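Work through the exercises below with the sequence and the model side by side. Try each task before reading its solution.

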Amino acid sequence: MNFLFGLFRFLTWGNIIVLGLFSVIMLMAAIVLPFAPILVMLIMFGTVIMHNVLCLRLQKSLLRPAQPLQPGFPTQIILMSVLAFIYGVYILFTAIKMQMVPEEEWIRNFSEQKIPGATGASNEQLIGAMKIWMVLLGIHGAAIAVNCVLSSFYLNHWKKEHATAENNDQFFDI
């Protein structure tokens with residue numbers, strides 16, 4: 001197994017775990033927050049999780065070529081890959097945009113919501129926590145986007161192997 005395939009497997013499982021945790025957090029937040037935005041986030045998470053499940057099937061087929069995939073599999077993974085890529089890039093750009101927010105604006109936002117008094121943390125600590133959270137969110141978005149690119153790469157690899165096998169079968173089929 002080469003490095004890229006190992007990275008593909010690692011990102012697939014990592015994304016499933018992280019998005020599973022995010023989904024649980026969103027479901028818990030649905031108790032106290034309006035449900036519509038949470039429903040949209042859960043649908044987006046579901047799209048990315050479905051993409052990763054399809055990636056697991058692709059990986060299994062690449063490791064064991066004798067296992068067939070469904071006839072509509074390439075279309076499914078391409079569609080889910082596009083949707084997951086859009087989500088990943090959106091999250092990445094949001095994290096980058098939030099990193100560029102000036103500290104004064106963070107402090108003004110914290111004071112409007114009375115967060116420092118409620119938590120007992122200073123503004124600097126809250127800003128530091130938000131910046132760390134944005135870096136982690138950016139890594140999450142980048143991981144999803146890279147996984148989508150890798151899935152496209154390995155889907156093309158699978159198609160080439162599958163086309164070669166089909167051509168060989170037709171040649172020897174008398």
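Ala, Val, Leu, Ile, Met, Phe, Trp, Tyr, Cys and Pro are classed as nonpolar, Asp, Glu, Lys and Arg as charged, and the others, with Gly among them, as polar. Keep in mind that the model is predicted.

**Exercise 1. The second largest pocket**

Task: Sort the lining residues of the second largest pocket by class.

Solution: 
- Step 1. List the lining: Phe10, Leu11, Gly14, Asn15, Val18, Phe22, Trp133, Leu136, Leu137, Ile139, His140 and Ala143.
- Step 2. Tally the lining: nine nonpolar, three polar and no charged residues.
- Step 3. Locate the pocket. H1 and H6 each give at least two residues to its lining. The space in this pocket comes to about 210 Å³.

**Exercise 2. The largest pocket**

Task: Which residues lie nearest the centre of the largest pocket, and which elements give two or more residues to its lining?

Solution: 
- Step 1. Take the volume: the largest pocket holds about 360 Å³ of space.
- Step 2. Go to the centre. Of 13 lining residues, Met26, Met130, Trp133, Met134 and Leu137 lie nearest to it.
- Step 3. Two or more residues come from each of helix H1 (3–29), helix H2 (35–63), helix H3 (73–99) and helix H6 (123–172).
- Step 4. Classify. The lining has 12 nonpolar residues, one polar and no charged.

**Exercise 3. The fold in outline**

Task: How many helices and strands does the protein chain have, and what share of its residues is buried?

Solution: 
- Step 1. Count the elements: six helices and zero strands. Their order from the N terminus is α-α-α-α-α-α.
- Step 2. Check burial. Of 174 residues, 31% are buried.
- Step 3. Check contact range. Among contacts with a separation of 6 or more, 75% join residues 24 or more positions apart.
- Step 4. Check the surface. The chain exposes about 11100 Å², and carbon and sulfur atoms supply 71% of that area.

**Exercise 4. The nonpolar cores**

Task: Which members of the largest nonpolar core touch the most other members?

Solution: 
- Step 1. Start from the core of 16 residues. Leu19, Phe45, Val48, Tyr87 and Ile144 touch the most other members.
- Step 2. Assign elements. H1, H2, H3 and H6 each give two or more residues to this core.
- Step 3. Look for a further core. Another, of 15 residues, lies apart from it and includes Leu69, Ile77, Leu150 and Trp158.
- Step 4. Return to Leu19. Beyond four places in sequence, Leu19 touches Phe45, Val48, Ile49, Asn52, Tyr87, His140 and Ile144.

Definitions and conventions
Residues numbered from 1 in each chain as written. Predicted model: local features only at pLDDT ≥ 70, side-chain atom pairs only at ≥ 80, totals over all residues. Heavy atoms only, no water. Helix = DSSP H or I, 4+ residues; strand = E, 2+ residues; numbered from the N terminus. Buried < 20%, exposed > 50% of the residue type's maximum accessible area, 1.4 Å probe, protein only. Contact = heavy atoms within 4.5 Å. Areas by Shrake-Rupley, 256 points an atom, 1.4 Å probe, with all protein chains shown as cover. 1 Å grid on protein atoms, 1.4 Å probe; cavity = no way out; pocket = protein on both sides within 12 Å on 5 of 7 lines; lining within 4 Å. Points joined across faces, edges and corners; volume = space filled by probe spheres on them. Core = buried A, V, L, I, M, F, W, Y, C linked by side-chain atoms within 4.5 Å.
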